[in-house]
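Grab a pencil and open the model in your viewer. Here are a few exercises, each with a solution worked step by step.

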Amino acid sequence: MRSTRRHFLGRGTGIGLGAIALNALNTESGVSADRDSLIGTHFPAKAKRVIYLTQSGGPTQIELFDWKPGLAKLEGTVLPDSIRNGQRLTSMTASQKQIVMGPRARFHRHGQSGAAVGEWLPHIGSVADELCFVKSMYTEYINHAPAMTFMLTGNQIPGRPSVGAWASYGLGSENRNLPDYIVLVSKMQRPSDQPLYEYYWGSGFLPSRYQGVKFRSGSEPVLYLSDPHGVSRRTRRTMLDSLGSLNRIRQQTTGDPEIDTRIRQYEMSYRMQTSVPELMDLSEETESTFRLYGPESRRPGSYAANCILARRLVERGVRFIQLFHPDWDHHKKMTAWCPDRCRDTDQPTAGLIQDLKQRGLLEDTLVVWGGEFGRGVVGQGNFSSPEAGRDHHPRCFTVLLAGGGIKSGITWGATDDFSYNVAEDGVHVHDLQATILHQLGMDHRRLTYRFQGLDMRLTGVEAHDPVHGIIA
Amino acid sequence: MPSYDSFLRHGPAVPLTICILIGLPVTGSAVAIDERAVDFNRDIRPILADKCFHCHGPDPGTRKADLRLDQESGANESVVVAGKSSESELIRRLVSTDSDEVMPPRDSGKEVTPDQIELLKRWVDGGAAWRNHWSFERPVKTPLPAVTDRSWPKNAVDNFVMEQLQRHQLTPSAEASREALARRVSFDLTGLPPTPERVRRFVNDTSPAAYEELVDELLQSKHYGERMAMGWLDLARYADSDGYQADATRQNWPWRDWVIDAYNSNMPFDQFTIEQFAGDLVQDATQEQILATCFHRNHMHNGEGGRDPEESRTEYVIDRVNTVGTVWLGLTLGCAQCHSHKYDPVSQTEYYQLNAFFNSIDESGKAGGGAAPFLKYTSPYVADGLEDSMAWLNQVESRLQKVREEELRHFDEWLAQQQERIAAAAGNYSSWKAFSATRSDTTGGTSLQQSNFVFGVSGQDPRHDDYLMTIAPQLPRVTGMRLTVLPSPDAGGNLSRFRDGHIILTNLKVRRRSADGTQERDVAISDTVATYEAAKSGRVYGPVNTVLDDDPRSGWMTTGSRADEKKVAAFVFREPIVLTDGESLVVELRQRSLRGYSNLQRFTLEFTDEAGPAAKTLGTTPLENLASGAASVSADLRKRLEVQFLADRTRMRDAQDAVDKGKRRKGVYVTAAKPQNVTVLKERNKPRDMQLLVRGVWNNKGDSVVPATPIAISSEGPAPSNRLTLAQWLVSQDNPLTARVAVNRYWQMYFGYGLVRTPGDFGTQGEPPTHPKLLDWVAAEFMESGWDVKHIQRLIVTSATYRQSSNATPRQLLEDPDNRRLARATRFRLPSWMIRDAALASSGLLSERVGGPPVYPFQPPGAWLDATMGRFRYEASVGSDLYRRSIYTFWRRSVGPTGMFDASKRRVCEVRAVRTNTPLQALTLMNDETFAEAAKMLADSAVSRHEMPRDRIRDIFERVLLRRPAEKELAVLTRQVGVHLDEYKGDGPGAAAVISVGQSVVETQDSSLAAAYTILATTILNLDEAITHE
C-alpha cells in the first residue's frame, strides 16, 4: 500500500490507479489501519498541521515589523529612482509624486532576541522569542485578489488548489468527524473592502473533498448542518437506519460500490451534527484561556474566538486551519485604521502561540501570520494629517512563522533603507509555499496532480526551494 | 465510399447490410492486425508526448539540441532510421547506460519503461510509420463493423460498441426495465423525471415505436432547451454578476433565454456557433443575433479599485481564446499564453494570433456600468412573471388588510393592560428605565463610575478610550436602548474636553453575555436616531448610524450644535431580547477617532421593553403621552398607539413582511420588462494593434501579430480574418476538432464520461478515445446532418448501447470499473441542479415558466452576507419564483447557489463533470428548505389521497422513483413511518414545525400524520436511487 500511495503522490492522477487510492481515502474509514497506510510523506515531517493566520489587505511592514530608524529623517524627500527602479504602481498613486513618508509608529525591542516590533503590536512583541520574522518576502502582484490568489494557490488566476487543499490532498485526515481543511473568517460589522473569495480555500482541479470547509460563526457553523425544526435526533436516526437498509437493498440490485460510500457519508453527516457544535462550544474553556486570548475572545466570530477554535481544531487533529482577518488595506487614515486591526489580532495571535506552547502543541504545529503583500514607503494623502496612508507594495513585506520545526527568535532576510527592495535572502511566495509543504514532510516538486495533461504543482514551473536557513 | 453516404440518406435499415457485407473482410482483418501492429497514435505518440516533447516538442523556448520529435520530418531525418531500430539514435539513447547520454535525462524525473522501449523498437523496425495526432485528422466514417449478434444493434453506434465487446469477449447487458429507461431518458433529455402517469403509459405501450415516440416527445418538450442550456451555461461561464471585488449584478439573462430558445428550435450547431461569435457581423443582424454574442462577454469583469482596465481587458481577450480552445477545439490553448505549447502544435505566436480576433472589441476593461458595449434588449419572457407577481401582491395585500382588522379587535384589550401598567406606576410612568451596571471598565486608563444612574469618567483624558458597561435590565424583554450624553463640569460644561466641546462616538456595540460568561454574542441593531447629528457626507464623522460599523473612521459627532446641551440617541434592537437568569448585556462605547480626545464625560443608558416606534422615540413615547394625558384618548394618540400595538403582533409583522417582499418582487419584474443592458460584442472603428505578450504579461509587449488560426489544425479553405470567418472556420467540414469535441460532450451527458474522457483536452496529453471509430462516425454524422443537434441526441439515446441496464456484474466491476467498454449503461449521481428540479417536479411544486429575470430560491439565512463579508444580502423569492427550475437561480459569482454542490464555478469555462460524494451533500439534501418543502407536499398529497399506510407509501415512492416498491422495501418504510407517527403524536409542536416549512400550506388536518410522512418522503428523496442516473 505504501508504494501505491507514493505512486499516487508522485504522479497525481484523475482516473485510474490514483482514483482507487482516492476512493479508499473517501470511504471515511477514519483512523482505521487501511486509511493510515495511505497517508504518506516524502520525508519525516516536522509539523503535523498548519494554522495559517491570513491578514487580508496588506499589513504595513513599515509600522509593524521592518524597523527603519533612519526613515523618519527622510520624510518628505522624493524616493530615489534607483530605489523605485521601475516598480509598477496601482492606478491610485501612479500619477502622483513619490514622496517618502516616515514610520507612523514607534518600535520597541523585545525578549532575548531583541526583535523590534511596532508599538501597535505589544503582545506579538512579547512572544518575539517564539517567532521567525521573515522580512524579505516578495510577490509578483500588486492588486489584492491576484496577490492573495497567488499567495494561497501559487497562481494569480483563480482556479488552482489552495495550499491547504494541497496539504490535505497529500496527507489525508487524522479525524473522521471533521473535514481536513477548515477555514474561519472573522465576522466584521461592516462590509469588507476586500471580499474573501471562496476559491482562496478552493480545491481547484483537485477532488472537491480537499477544499476548505468554511465554518460560520452563527448557530449553524456549516451550511445545512442543523436539522429542520421539529426533527429530533431520534427521528433522524430512525430515518438514517431506514435509508441505509433501503440503499443496501439497492446495492444488491445494482452492484454499485458508490452506494457504500454514500451510506458512509450520510453516517458521517450525522456525526458531524454532533462533533461540529461540540467543537464550536467554548463553554468548557477556562477563564484563564479567555484572558489569554483577550476580551474579544468571548464574541463568537471574532478573530480572537477563532484563534481559540484553531487550537481546538489542532487538538482534534485537523490538518490545515486557516483564519482570515480582513481590512488591512490602509490607503487612508492609517493611524486610526491600522491600530484597530492590530487590536483585533495582536493579543489573540500571541495568546494562540503561548497556548499552543504550554500545551506542547507548538513544536509540531506550524503557525503562519501574513498578508498578500506589504505597503509602500511612499505616502498617500496629506502626510501631516491623520488622513495619510500607504499604497500596496509587492517588493517586500514581512511574514511571521512559529513552531512546526522553524527556528525561533530569529529574523530572516533584510530590506533596503526604505523598506522598498529586498536587500538579502529574498523569499519568493513559492519559496514560502515550498517551506510550508516541506515542514509537513512533502517535497513541493513531487506533490503533483495531473490536470489538462500537465503535472501541476503548487509552486509553479520556475525553480523555487524551501528556505532552509530558517528550518530548525 | 458510397455506402456511408447512402447510409445517411436512407437511414440504417437497408444500407446496414451493405456496410456489413463490404466491411466484413476489412474489419475482420483489422481486428487481427490490431492485436499485433503498433499503432502510432495509440502506442507511440503518447510515449513521445509524455517523455520527450517537453524538450523536443513544439516549444522552441525549451527545445534542446534543435530536435523535434512531434513532427515526422524532425524525427525521421535525424534520429530514426526506418526499419532499423539498432541504427536509430532514438533507441540508442533510451537504452544507453551512459548517464550523460541516456534519455530522458535522470534529473527530468521521467522514465521510459522497458515495455515502452520495446514498443518503440517494434515501431521503428516496422517502418516508423508516422501519423498526425488523431484529433488533427478529419473524422471520417469507417465502414460499420460486422457483429455476430445482429439482433442487438439498433443503429450505427451499436456496431462500433459491439465490435469492441466482441474483441474482449464481452456481451452487452440486457435492456433496462421500461421504468428505468423512461426515467433515464427523461432526465437526460429534459433534466426532469417523467410523471408516473407517463411511465405507466410507456410501460403498457407494446408498440415497437413506443420508445422512439417517448424520445421524440421529450425532444419536443420546452424543458429540452432548458436542460441543454444548463450545460452550455457552464461552458459559457454564465453568471448574473461580474465576479471579483465589486461583483456587480448584470443583466445578461436574456442571453440565457436565447440559448434555451436556440436548443428548443433545434438551431444547427454551426449557426449556433456563428451567431455567438459574430451575430453582430452577419448581414442585417437581428437583435437576437446581436444578443447571441453575449457568449463572449460572459467572462468575469474586474472592477477592483486601483486596477489598470487595460490589464483586465487583456485578460478578457485571453479568456475568450481559452474558452474557444476548450469548447470548440478541445485544446488547452491557455498553455501557450506564456510560451509555445509544450505538447500540442500551437506556438505562442499562434496563440496571440487567435487573441487578435477578439482584441478589437469596443470595450474598456471596466466592470459594472462601464462594461459597454451593451445591447438594449427587451425580453419577451417577462409578461407572465409580471402578471404573476401582481396577482401575488394583490393577494398578500388583501391578506394584510384582513389581518390588520382581525388584530385590531384585540387593541382595546391591550390598551386596558397598558392603562393598568400606567396606573401601577403611580404617576411615574416612563417608557425608558435605567439600571445599575454590574461592571464598568475602560481601556484608556480612566475610571468609569455610575452614580444615580449617571456614568461619569475621571482621570486624564486619553486620546482614545473604550467604555464597557455590563448591565442586566430588569425588564420582561428589551427592545431598545437610549444613550443620553450629558454636559460635564469637568469639561467646562461641555460634552467633551476637546477644544470645541463635542464628542465623537466611533462605535457602539451591544452584546448578550451568557450566564457563564464564556460567550458574548452581538445584538443586532436595526435602527438608530439622534436628537442631533453633524451633517456630513461619506465616511466622515457625523451620522449616528455609522457607529454600527467596525470602522473607526466614521462615527457620531455632535459638532455644529450647542456643546453645552445634552444629546440623545436611541438604538432599536432587530429582535426583542429576553434575558434569562444570569444573562446580561454588555454595552461598549468606543472613541477611536482620528482627531482623538473627544470622549464622552457623563452619560446615561436606559432601556425599554416597548415595541415599534416607542423604541426610537427621542421625545415622549405614546404610552408616556397616555400616562400624562386626560382620561380620553385623542384620535391622534390612538393612531400612534395602534401602530405600536400592531408592531408587536407576529401575524401582522408576517403579513406586512409578505407585502414588502411582494412589492420588491413586482419591482424586479417591472425592471425586467424594460430594456436590459446585455453585454455584447461590437468592433471598434479602429482596430487595436495585437502584440504578442512576452511570458504572457499584459504590458510586456512583443511583436505585432494579425488574426490567424493555428496551422496544425486545418489549413484548407479561406483563412479567417475576423470573428465571422473564424466561426465559419470552426464549423467548416475541414475542421477536425469541433464536431468531435461537441458530440463527445453529448456522449458525456448520457454515459457520465465522454468517449474522450478528457473533454477539454483532445491534444496529445489528453486521453485517446475509448471508441475512436465511433467518435469519428458520430462526429461525421453530425456534420453531414447539417449540425443537427437533436438528430445526434436521438441517435445516441435510441441506440441499444444507451438502452442497456446500468446494473453491474461483479466481473464488470472488476474488469471494467469505469465502464470504458460500454457493456452496460453508466450509473452516476445526477447533477445537483437536476436533483433539486426533480424534487420540485415530483412534489408538484415546480413552476414550468420558461425564461425571465433570475429568481432566488430558499437558502440558509446569512449565506450571502457571510460569504461576501456583508456586501450582499440574500432575500428568498416569494410565490412561484421559489419553485422555478434551477437554471433560473440567480448566480452570484462570489458565492454561487449554496445548494448546488459540484456545480461548475462559472468563473472560467468548465467541461468536466464533477461528481463527489461528501457528508455536506447529505446535509444539503436532508436539510435544505426546498427539499423539506417538497417532502411535505409529497406527504400531504399521499395522505389526503389514500387511507392505507401502504398506499400512501407507494404513492410517494412511485412519484419519486417511478417504480413500484418491492415488498421488502415496503416493509422497511412501513416500519419507519410507524416509528415517526408514534413520535409526532407525542410531539405536537415538533409536528407543527415540520409542516410549517416553506411557503405552501398543507391540507392534511392531522399534523402528526403529515409530519411522519414528510420525514418518510425526505428519506425517499435521499435514497441513492433517487439522486442517481440509472
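**Exercise 1. Find the domains of chain B.**

Solution. Step one, read off the bounds, which come from an automatic or database domain assignment: chain B has domain 1 (222-378 + 684-736), domain 2 (383-410 + 653-674), domain 3 (432-620) and domain 4 (843-1030). Step two, take a distance: the C-alpha centres of domain 2 and domain 3 of chain B are 38 Å apart.

Before going on, some housekeeping. Residues count from 1 along each chain as its sequence is written, and chains are lettered from A and ligands numbered from 1 in the order in which they are written. The model is predicted, so to speak of local features we need pLDDT of at least 70, and side-chain atom pairs count only at pLDDT 80 or more, while totals for chains, interfaces and linings use all residues.

**Exercise 2. Work out how far to trust chain A, then sketch its make-up.**

Solution. Start with pLDDT, the predictor's confidence in each residue, from 0 to 100. Chain A averages 87, and 89% of its residues score at least 70. Residues 1-39 of chain A sit below 50, yet this stretch has 54 contacts in the model beyond near neighbours in sequence (a contact means C-beta atoms, placed from the backbone, within 7 Å). Where pLDDT is low, the predicted coordinates should not be read in detail.

Then check burial: 59% of the 472 residues in chain A are buried. Buried means 20 or more other C-beta atoms within 10 Å of the residue's own, exposed means 12 or fewer, and partly exposed is in between, with C-beta atoms placed from the backbone. Finally, of the chain A contacts with a separation of 6 or more, 75% join residues 24 or more positions apart.

**Exercise 3. Describe the chain A side of the contact with chain B.**

Solution. First the totals: 77 residues of chain A and 87 residues of chain B take part. Then the helices: α7 (144-153), α9 (233-254), α10 (258-280) and α13 (334-358) of chain A each supply at least two residues of the chain A side. The largest share, 13 residues, comes from α9(A). Last, the classes: this side of chain A has 32 nonpolar, 29 polar and 16 charged residues (Ala, Val, Leu, Ile, Met, Phe, Trp, Tyr, Cys and Pro are nonpolar, Asp, Glu, Lys and Arg charged, and the others, Gly among them, polar).

**Exercise 4. Is A:T349 buried or exposed, and what does A:T349 contact?**

Solution. Locate A:T349 in helix α13 of chain A. A:T349 is buried because 29 C-beta neighbours lie inside 10 Å. Leaving aside neighbours within four places in sequence, A:T349 is in contact with A:L53, A:I124, A:C307 and A:W369.

Conventions. Two residues are in contact if their C-beta atoms, placed from the backbone, lie within 7 Å. Helices (H or I, at least four residues) and strands (E, at least two) are DSSP runs, numbered from the N terminus.
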